[in-house]
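Here is a briefing on one structure. Look it over first, then read the notes by topic.

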Amino acid sequence: MQTHDIALIAVIITANWYIFKYVLYSSRKRLPPGPRALPIIGNAHQMPVKAPWTVFSEWNSTYGEIIYLNIIGQPVVVVNSSKIAKDLLDKRSSIYSDRPVSIMCGQLVGFGPAYAMQNYGEKFRKQRRMVSQGFSVAKVPQYHGLQEKEGAILINNLLKSPGSLFSEVQLRVGVVILRIIYGYSAKLATDKLLTNAMEMMEIFNKTAQPGNFLVDVIPSLKYLPRWMPGSGFLDLADAWRANVSNTARTAYNWCKDNMESGEAEVPNLLGNIMQEAGHEPSLEERENFTWAAVGTLGGGLDTSSSATLSFMMAMIMYPEVQKKAQAELDAVIGTERLPRISDRAHLPYTRSVVAELLRWASIGPLGLPHTLREDDVYEGYHLSKGTIVIANIWHMLHDPEIYDSPMEFIPERFNGDDAEMAKVSDLVFGFGRRLCPGKNFAEGTLFANISTALATCRMLPGKNEKGEVVLPNNAYTTGITSFPEPYTINLLPRSAQAAALLAEASVTAE
Ligand code: HEM
């Protein structure tokens, strides 16, 4: 029997059950509007494979701001309006804060114990509290020195080798996150813990991406015997599971042992958590500490890299914005030193650039899905327990009714008003009890990278083999975290003094 035959049989058996439930259910309840569903598969055939956020956005004009989909019996609601997202995910967060069951990523590959994957329960709350406290507004300034230094190293390295833009950004973000979470300072790109952590995140991305594995739609496939054709994903899951578990534990043990020996750099998130516990962790605590750290690592790596790459792309595409921000930095900071995160309060235009970046770029266009824990009624629509709620953050931030010329990068749209800028960060970091716990930290990293690049460099488009200037086409990959498609850049120091400041900061500052 071929792989697709087995899959088809499984689809039919599972779908029959779901369709029975669905028909019974939908005949009684009023559901939000949505595209017409087919028997058995529901709307599965209409689920966009590429950039689903733009398709959901187009559906807004046909079906409205709340759209109902049935994916082989699984109810899904897409929300295109910030008001509805806040009504449900913020105001009713006591019932809208679970996560969908993830068979491949959560159960088979083993990311399940990390709080980002957990339902809103005791285990989630314990891990999440540790991280939220560690990244509170009061605590993040302890990391500013490191973020500034890493910003300087990143830009210094890019000046030397603009061709390695993508790998360098990911590497530097990885170094910062490992340092912040575990106190581990990776010196080389080939460092084992660093490469393992990056590989772990690649596995996370591959397996968490909805639609990549059939077993997430048909959970019973996880019981396929190993000899059966089509069960190859189980062997893959075993290999990945070993890798994930090994990296998670190695990183935890390194931090624990080296906090004791004094080799781990401080402050670091996990070290602080262990110190605050104040005793040898129990088995349960060890488990929670391990996965609190891994969950945070996962949340921080790709998002910060994507945002930094989107920034460089925006500066190439909008040179007049670049010049205006540079003029502000020169006027406020001068050219004798590099900007610091604490300068943020005096740099309204640079703050607007950061806010516009978060609005314009597609970093996490659909956020992370929430799941409804009990039946609910909203504006007369019945939403059943287990419904997956997807907030189309991209649409909310590109809605022409709210933002004029939404596809253009225009920091002036905020008029320097921080309340207007806050409306962006209120959406882009998610909702309610699942709001991004790394928000304060991420904003520091972004400001450090952006202000350092602006103060010291001219960011210009790269050239192709024929020597022709090539502009980025502002296209993004599809994924939970979305990245700009590869583009080339040319970086030049704004002055010899700027280059010297960068070189010096890369070695000494912290
Ligand atoms: C520009 C950068 C970032 C953006 C745009 C961003 C955005 C988001 C969004 C939209 C969510 C989903 C919230 C929800 O479910 O409603 C999220 C969750 C999360 N983020 Fe971030 N994030 C960023 C950076 C970071 C950083 C630097 C860290 C850690 C150091 C981090 C850690 C996490 C974690 C652990 C979660 C899962 C929280 C949970 O499930 O309760 N993020 N983020």
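**Briefing: ligand shell, sheet and buried residues**

Cysteine 436 sits in the loop that links α15 (418–428) to α16. The model is predicted.

**Cysteine 436**

- The "binding site" annotation in the unreviewed UniProt entry covers Cys436.
- Cysteine 436 has 21 C-beta neighbours inside 10 Å, so it counts as buried.
- Leaving aside residues up to four places away in sequence, cysteine 436 touches Gly299, Phe429 and Gly430.
- Cys436 is also among the closest residues to the ligand.

**Ligand shell**

- The ligand is surrounded by 26 residues.
- The closest are Gly299, Gly300, Gly430, Cys436 and Gly438.
- Of the shell residues, 13 are nonpolar, eleven are polar and two are charged.
- Helices α11 (283–317) and α16 each supply at least two residues of the shell.
- The largest share comes from α11, with seven residues.

**Helix α16**

- Helix α16 spans residues 439–456, 18 residues in total.
- From first C-alpha to last, α16 reaches 26 Å, close to the 26 Å expected at 1.5 Å a residue.
- Of the 18 residues of α16, 16 are buried, so the helix is largely enclosed by the rest of the structure.

**The four-stranded sheet**

- Four strands form an open sheet in the order β1-β2-β6-β3, and the pairing is mixed.
- Strands β1 and β3 (370–371) are the edges, each pairing on one side only.
- β1 and β2 (residues 74–79) pair in the antiparallel sense over six bridges.
- Within that pair, leucine 69 stands opposite valine 76 of β2.
- β1 and β2 form a hairpin with two residues between them.
- Isoleucine 72, in the turn, has a positive phi of about 45°.
- β2 and β6 (residues 388–391) pair in the parallel sense over four bridges.
- Here valine 78 stands opposite isoleucine 390 in β6.

**Cover on strand β1**

- Strand β1 (residues 66–71) is mostly covered, with six of its six residues buried.
- One side of β1 carries Ile66, Tyr68 and Asn70, all buried.

**Tryptophan 53**

- Tryptophan 53 lies in helix α2 (residues 52–63).
- It has 23 C-beta neighbours inside 10 Å and so counts as buried.
- Tryptophan 53 and isoleucine 390 are 337 residues apart in sequence, but 9.9 Å apart in space, C-alpha to C-alpha.
- Not counting residues up to four places away in sequence, tryptophan 53 touches Ser362, Pro365, Leu366, Asn392, Trp394 and His395.

**Serine 482**

- Serine 482 belongs to the loop between β8 (469–470) and β9 (489–493).
- With 23 other C-beta atoms within 10 Å, serine 482 is buried.
- Serine 482 and serine 362 are 120 residues apart along the chain, and their C-alpha atoms are separated by 6.1 Å.
- Beyond residues up to four places away in sequence, serine 482 touches Ser306, Ser362, Ile363, Pro365, Tyr476 and Thr477.

Definitions and conventions. Residues numbered from 1 in each chain as written. Predicted model: local features only at pLDDT ≥ 70, side-chain atom pairs only at ≥ 80, totals over all residues. Expected span 1.5 Å × (residues − 1). Buried ≥ 20, exposed ≤ 12 C-beta atoms within 10 Å, placed from the backbone. Pairing = 2+ DSSP bridges. Near = placed C-beta within 6 Å. Nonpolar A, V, L, I, M, F, W, Y, C, P; charged D, E, K, R; others polar. UniProt positions renumbered as here; feature names shortened; annotations may be inferred. Contact = placed C-beta atoms within 7 Å.
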